[in-house]
Amino acid sequence: MKNIIAILLFSLMLSSCADLEEMNINPNLPTETHPQLLLTNVEWDVFRAYGGTSPLYAQKMLVQTDGENTNQYYKWDRGSFGPYSVLRNVTKMIEEAERINEPSYVALGKFFRSYYFFNLTLNFGDVPYTAALKGETDEGYAPIYDEQAEVFKGILAELAEAENILAAQNTIIAGDIIYGGNILSWRKLINAFRLKVLLTLSPKETSGEIDFSEFNSIYTNSPLMENESESGQLVFLDQQNNRYPDFNSSGFSSGMYMDSTFIQRLQERKDPRLFIYSTQTKSAKEAGKAIDDFSAYEGGDPAAPYGEVNEKATQGNVSKVNDRYHRDPVNEPYKLLGYSEQQLILAEAAVRGWINADAKTLYEEGVKASFQFYEMYSEEYSGYVDANAASNYLSEPINDFSKAMSDEEKIQLIVMQKYLQSFFQMQWTSFYDHHRTGYPEFRRPEGVEIPYRWIYPQSEYNYNADNVTSAIAKQFGAGNDNIHEMTWWIK
């Protein structure tokens, strides 16, 4: 009888423990989920990252008149490790994908990791990479910093892994708001990004540290985007929380105006994208000048004190950003990397001899694709950027690729076209192209140097001091966390 009672008591104890375990599980804080539920939010964050107006001030497209903009005058200091927060979600997506054996999400996770670490290492230099994002699994809260060369090699390896994984899949990726789950489209974008990473490292072409033959291998053997409709872009909807990020932004009605050097470059080339990017000056509009009158547009000097530019703007002689950027709830998609940029990347590679292709054809395809993008997404101005307009534009001597005699002139022409199509697009690409090639030139006050990087965040000094100080000493000398220090990729 005692044995029966003991067994009953033991059973009750087990049952109570099980009940307690169930009671301690919070249904509102699940520890497991399908990766598709994470993918949508991750894509929303990734495709809007590194955008906004900050790169436009640094890349001489905008000027500020109601205060000194630190990006315009290159007076920045600390950067942000904010992307690591989004990378936690990417890490979780990969973990969940591995748990349920869904390789496609692992591949996309590797791509998103590569995109963020590419930008992080360009921003700072050495960054936590191999030991990062292991707080939940390994309780690693103070990750070591990887050398920039190793970060880039890791990025290229992860991108190759992502392509190989997707090449073996034939399912639809649920939760995908970019390509509707189309695996081939993702492969094309990933391969185009591999080309971008390699071209960014062109200063290392003769160092022997990077295998640039991979570029030709990708171009020859891997799928790439074939037209503008295949661009990697986030399309906005006129719905709450899905609208264009700058819709109804108050910043456009304050002291934000167009940069004179950007306006002049568009005018010199008779570039009709000028009409899409900016408004006529108040004086020109009152004088009855037509939208397609290039003399109706004028910018503010980015090297002048902001008070001087404000006075010129008050007189009605400085153009503002086109109203569509803050009045249209949909406006245009955000491109992470588009077909037009891909073709210009290939054009430069052809000039450098990395691939056997006609640089002129690739260059013209890149320009025409940019015009097509604005024809599709700025309907009010579509007549200015149709196929005929693109052909006429390319026939202008200043834009005609056949007029460029030397490789240097050809690269300058290609890089300038990347710059001219990057208004509210392509993030900081033109800034790094400047450091990589010397083009385009950025006007600034006398004596002001263009920074190469950002200072590490204060949070790293607070919580990861040993590793960040070691990384600084290794790269630049002890305590020399300076914005004017060159990192490995550009040396």
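**Helix packing and buried side chains: a working chat**

Modeller: The side chains of Gln148 and Thr487 are joined by a polar contact of 3.4 Å. A polar contact is a pair of N or O atoms within 3.5 Å; within protein, one must be able to donate a hydrogen and the other to accept it, and residues adjacent in sequence count only if both atoms are side-chain atoms. This is a predicted model: local features need pLDDT of at least 70, side-chain atom pairs count only at pLDDT 80 or more, and totals for chains, interfaces and linings use all residues. Residues are numbered from 1 along each chain as its sequence is written, and side-chain values use heavy atoms, with hydrogens and water left out.

Colleague: Where does Gln148 lie?

Modeller: In helix α7, residues 148–167. Helices (H or I, at least four residues) are DSSP runs, numbered from the N terminus.

Colleague: Is Gln148 buried or exposed?

Modeller: Buried, with a relative accessible area of 1%. Buried means under 20% relative accessible area, exposed over 50%, partly exposed in between (1.4 Å probe, protein chains only).

Colleague: What does Gln148 touch, leaving out residues up to four places away in sequence?

Modeller: Thr121, Leu122, Gly125, Asp126, Thr487, Trp488 and Trp489. Contact means heavy atoms within 4.5 Å.

Colleague: And how far is Gln148 from Arg327 in space?

Modeller: 41 Å, C-alpha to C-alpha. In sequence they are 179 residues apart.

Colleague: Switching to helix pairs. At what angle do α2 and α5 pack?

Modeller: About 25 degrees, with axes 11 Å apart. α2 covers residues 35–46 and α5 covers 103–124. Axes are lines fitted to C-alpha atoms, for helices over the stretch in contact, and angles run from 0 to 180 degrees between N-to-C directions. So α2 is roughly parallel to α5. Angles under 35 degrees count as roughly parallel, over 145 as roughly antiparallel, 65 to 115 as roughly perpendicular and the rest as oblique.

Colleague: Which residues of α2 and α5 meet?

Modeller: From α2, Pro35, Gln36, Leu39, Val42, Glu43, Asp45 and Val46. From α5, Tyr105, Leu108, Phe112, Tyr115 and Tyr116. That contact has 9 nonpolar, 1 polar and 2 charged residues. Ala, Val, Leu, Ile, Met, Phe, Trp, Tyr, Cys and Pro count as nonpolar, Asp, Glu, Lys and Arg as charged, and the others, Gly among them, as polar.

Colleague: Now α18 and α19. What angle there?

Modeller: About 165 degrees, axes 10 Å apart. The helices span residues 407–420 and 429–437. They are therefore roughly antiparallel.

Colleague: Which residues make the contact?

Modeller: Glu408, Ile411, Val415, Lys418 and Tyr419 of α18, with Thr429, Ser430, Asp433, Arg436 and Thr437 of α19. By class, 3 are nonpolar, 3 polar and 4 charged.

Colleague: Last one, Ser319. Where does Ser319 lie?

Modeller: In the loop between α13 (306–314) and α14 (324–327). Ser319 is buried, with a relative accessible area of 0%.

Colleague: What lies 2.8 Å from a polar atom of the Ser319 side chain?

Modeller: The backbone oxygen of Thr279. Apart from neighbours within four places in sequence, contacts of Ser319 include Tyr257, Met258, Ala296 and Glu298.

Colleague: And Asn191, buried or exposed?

Modeller: Buried as well, at 0%. Asn191 is in helix α8, residues 183–200.

Technical notes. Helices (H or I, at least four residues) and strands (E, at least two) are DSSP runs, numbered from the N terminus.
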